[in-house]
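Trainee: I have a new protein model to read. Can you show me how to go through it, feature by feature?

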Amino acid sequence: NPLTMTASCVKEMATGIPSRPNEGLNNFHPDHPGTEDGWTLASEADAEQDGVYDYRVGIVGDYVWGDLYADNEKINFMRHRYGHADYYRGDEESFVTLNAWLDGDVPKSNTRPGTVYEEPPNVIIAHLSGLDSVGHRYGSYGAVEYEDKLKWLDDKMDYAFEMVPDDWIVIVTSDHGLTDSGQHGSDEPIIRETAGFMWGPNVAEGVVVEGMDQRDLATLPSMILGLPFPHAIVGKIPLDAFDLTEEQYRAYEQWNWNAAVERNDWMEDNGHPYIEGLTKENIQWNKLRGDDIGTRDLDVIMSAVAVSIFCIMLYRILSKHEKYKKYAI
């Protein structure tokens, strides 16, 4: 994601919809776009139509996930995050909740007091934010505090992974990277090039998938949980990461491409920028734009107007004082 801020990155991972430039101003409280995504579909999936949901989705940790799914009471969100001065407490609490869920227990909800969740989640998202806070405070390169936090996380995750059932798939990744000084937000490669790891049933071993976009992660719930593929997702399934026959590979790729064409048709019908000549019969991934998708002319205009107003106001304020006139320009 070129917008390497937590809310923008999490939104893309969760919904598969590119964040627009002006959403960087809303870094701490992202808005859900209102379209279907894998986690929403998982929370309401009932294949047998018997009134019993197939999946129970639980989210633990950072509030940005809670903001995205605040209106979905089917998702058990446990908030354990206390700001950028929180280096350990939030993560410690997150692991307590995570381990309880994996052990079959259901701690009382701390975000929806009136809602009782009787069974532990079998689809879990854990967002551990303490490492980000440590990086901001002490930097990442050569910082003992950062190294200690990494080792602490490694031990805690090792313990949690041992509790994960053998028939589950585990995905570990990051919302963004950090510079040596502990900063993020720009589109520098060191911040954008984050690692991702996945293992479990039907996952190919020893395979490295290059060139994934962050929004591609939003395709995985559909792939792993057998859910519909929301056409709003601007992402490509990393098919090479799975053990598939040639026939399955072609079928999934066509499924993914059909969603891309339907999304492009919707963009055209609603007056948004679209790509001419896309058809379901001819798969042409090279025609799809990457970071530009979702950036409207209106966003650029709004940004330019905001900067202009700010500059004019600043100029007028500085010009009123004789000693600041030389700085005004």
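Trainee: Are Arg215 and Glu12 buried or exposed?

Mentor: Start with the cut-offs. Buried means under 20% relative accessible area, exposed means over 50%, and partly exposed is in between (1.4 Å probe, protein chains only). Here both Arg215 and Glu12 are buried. Arg215 counts as buried because its relative accessibility is 4%.

Mentor: Two notes on the source. Residues are numbered from 1 along each chain as its sequence is written, and side-chain values use heavy atoms, with hydrogens and water left out. The model is predicted, so local features need pLDDT of at least 70 and side-chain atom pairs count only at pLDDT 80 or more, while totals for chains, interfaces and linings use all residues.

Trainee: What does Arg215 form with Glu12?

Mentor: First the idea. Side chains of opposite charge can pair when their charged atoms come close. A salt bridge is a side-chain nitrogen of Lys or Arg within 4 Å of a carboxyl oxygen of Asp or Glu. Arg215 and Glu12 form one, with their closest N and O atoms 3.4 Å apart. This pair links distant parts of the chain, 203 residues apart. Glu12 is in helix α1, and Arg215 is in the loop between β5 (196-199) and α8. Those labels are DSSP runs, numbered from the N terminus: helices are H or I with at least four residues, strands are E with at least two.

Trainee: Which residues are linked in a network of salt bridges?

Mentor: Glu12, Asp213 and Arg215. The side chains of Arg215 and Asp213 meet at 4.0 Å, N to O. Asp213 is classed as partly exposed because its relative accessible area is 32%.

Trainee: How many salt bridges are there by this rule?

Mentor: Ten. Another one joins Lys280 and Glu262, with the closest N and O atoms 3.0 Å apart. That pair also links distant parts of the chain, 18 residues apart. Lys280 is in the loop between α9 (246-269) and α10 (297-319), and Glu262 is in helix α9. Lys280 is partly exposed because its relative accessible area is 33%. Glu262 is partly exposed too, at 34%.

Trainee: Which residues touch the most other members of the largest nonpolar core?

Mentor: A nonpolar core is a set of buried Ala, Val, Leu, Ile, Met, Phe, Trp, Tyr and Cys residues joined through side-chain atoms within 4.5 Å. The largest one has 32 residues, and Trp39, Ile59, Trp65 and Tyr69 touch the most other members. Elements that each supply at least two residues include α1 (6-15), β1 (57-61), α3 (63-68) and α8 (220-225). A second, separate core has 13 residues, among them Val134 and Leu153.

Trainee: How many bridges join β1 to strand β2?

Mentor: Two strands pair if DSSP finds at least two bridges between them. Here there are four, and the strands run parallel. Together, β1, α3 and β2 make a right-handed β-α-β unit. Right-handed means that, with the strands pointing away from the viewer, the path from the first strand over the helix to the second runs clockwise.

Trainee: Where is the place of His176?

Mentor: In the loop between β4 (170-173) and α7 (189-192). His176 counts as buried because its relative accessibility is 6%. Its side chain makes polar contacts, which are pairs of N or O atoms within 3.5 Å; within protein, one must be able to donate a hydrogen and the other to accept it, and residues adjacent in sequence count only if both atoms are side-chain atoms. One joins His176 to the side chain of Thr6 at 3.3 Å. Another joins His176 to the side chain of His184 at 3.4 Å.

Trainee: Is Lys149 buried or exposed?

Mentor: Lys149 is buried because its relative accessible area is 0%. Lys149 is found in helix α6 (residues 144-163). A polar atom of its side chain lies 2.7 Å from the backbone oxygen of Tyr87. Beyond its neighbours within four places in sequence, Lys149 is in contact with residues including Gly130, Leu131 and Val134.

Trainee: What covers the buried residues of α5?

Mentor: The cover includes α4 (89-102) and α6. The buried residues of α5 (residues 130-138) include Gly130, Leu131 and Val134. Just after α5, Gly139 takes a positive phi of about 85 degrees.

Methods: Contact means heavy atoms within 4.5 Å.
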